[in-house]
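This report covers selected secondary-structure elements of one model. The sequence and structure come first.

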Amino acid sequence: MAALSLDALSSVAYGPEAIVIVLAAAGSYGLGFTLPVTAAIVLLLAALTLSYRQVIAAFPDGGGAYAVAGRHLGRRVSLVAAASLIIDYVLNVAVAVSAGVAAFTSAFPAMHGERVLLCVLVLALITATNLYGVAESAKVMIAPTVVFVAAIAAVVVAGLLRDHPVTEPAHPSGPATATVGAMLLLRAFANGCSALTGVEAIANAVPTFRTPRIQRAQRTEVTLGVLLGLMLIGLSVLIGKFRIAPSPTKTVLAQLADAALGHNVAFYIVQFATMVLLALAANTSFGGLPVLASRLARDHHLPHVFALRADRQVYRYGVTVLAVLALVLLLVSEGNTQALVPVFAIGVFIGFTLSQIGMVRHWRLERGRGRHGHAALNGLGALLTAVALVVELVAKWHEGGWLVLVAVTVLVVAFEAVHRTYRRIGAALRVGQVPDRPVPCRCLVIVPVGAVNLLTQEALSAALSLGDEVRALTVVHPEDPDAGSADAVRRAWHAWRPDVPLVVLHSRTRSLTRPIVDYLRAVSAGKSYERIVVLIPEMHLPRPWQRLLQNQRGAVLDRAIRHNTDAVICRLRLPIPLPPAT
């Protein structure tokens, strides 16, 4: 529970508020529908919980919607599921961080104006922790999870036992100002479905359970569903009982804690526990998206660099991309949770629906006992999640819901483009075919040099072992006192006598790259060599700040030669120790 359910459990901090914000448009009469809307969401939660019990049994190796859709619905449908999961992961980080900061500023209202800066700082801390590679442990997460659940339980129980709020709400619900129509209820339901994100996390991580994995994962899934449902129902009852309305500076959960417990130490414990759990919930995306990106990279739908792990077993590229995307959302929304919630649940419901449809197909192919009942259960889940998805899209279309569909489409197109490119690369490399026997070819190695020194000696020694012929190349300008004249360069070379010919190129425009590129083109046109290798020597200084002192000529030459010739480039970084400082 502590390791895999934080995303879902923490959603009670913003899910009920998302319902209230919509229903508040109809005043106190509209807020009276908070409990019925929440009850509908809890019924959907029950269906999802039972459906994902079936996913756990059918896919004990994990993988979630991407794995289910990939096996039973085809590669392209699985890419839609993957794209929706990526969007959900990014939104989860942005929503969790902004909601955690909102809990903090509700306890300390003076900091409300700095919420964007606080969001950036929290995101930076979480990102740095994941880049450093601190292992996520269920034991570390147990304490804040227990405190949060106990805090919410205390708010609900204390609120149910009170006849009147300890602290009157800062913004009590006003009189009815509009009728409650079907569209308003649908929008409230769509907003509140953000509380269902994270329900699928347990099914994605079945291999992390001890044996018997399937039974343990199923029990955890049911426990999550029951606990989340009770918290949502309890908080919605208190919202109606204490006439809580949305406030621009204080969350609904903070107002409920104030009303049930009073503005005392217990209130601050609730807010602090909420903030910590939301931060940990954001951290779950940093464990999920990089793993999904690595799987997509292994399937050739993302650059292979996303499958690389650093020394601390961290997918750094996935972590970095997730952090950058979440930062953009936080800056665009100005740290406002409710600006992100309207589009939060759309992505995850796409994954829900595809997963359930794939499970129906799975049970149709099975021949075991009870397959018809399992298929019916997943079919019911598919129907309910599909209806919820349509409701989400219709209700949130003008609030940015269309952006999610655009983002999914763009990601799927990008996945396909990457896949096609890797297929072309594989064809060019003749992957899967037995290549011809290797044959030697006549090779010329050219070494650009600037002076006669230890770096030049090491570079020529390496070049002599690489090719049939080695030439040193230097560029001079007659009027440049630093470069020296051509005669001075030749005298120094002949005095050294390295048994390697030196070619001196003149540059009238003080350009380093143009003379070398023209020379390489001329040699290549002569057809005397089958391959030309340019070996660029560079000194590798021990400290990063010392490397800033280098002239970066190697990088400049690399770009110019790569863009204008067919020569093979070898950048030789030599670690030459510096003498001790005096």
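## Strand pairing of β1

Strands count as paired if DSSP finds at least two bridges between them. Strands here are DSSP runs of E with at least two residues, helices are runs of H or I with at least four residues, and both are numbered from the N terminus.

β1 is also joined to β2 (residues 469-476), in this case by 5 bridges, and these strands run parallel. P448 has L473 as its bridge partner in β2.

## Basis of the model

The model is predicted: local features need pLDDT of at least 70, side-chain atom pairs count only at pLDDT 80 or more, and totals for chains, interfaces and linings use all residues. Residues are numbered from 1 along each chain as its sequence is written, and side-chain values use heavy atoms, with hydrogens and water left out.

Together with helix α19 (residues 454-464), β1 and β2 form a right-handed β-α-β unit. Right-handed means that, with the strands pointing away from the viewer, the path from the first strand over the helix to the second runs clockwise.

## Helix α12

Helix α12 (residues 252-261) is largely enclosed by the rest of the structure, because 10 of its 10 residues are buried. Among them are Q255 and D258. G262 follows α12 and has a positive phi, near 95 degrees.

Definitions and conventions: Buried means under 20% relative accessible area, exposed over 50%, partly exposed in between (1.4 Å probe, protein chains only).
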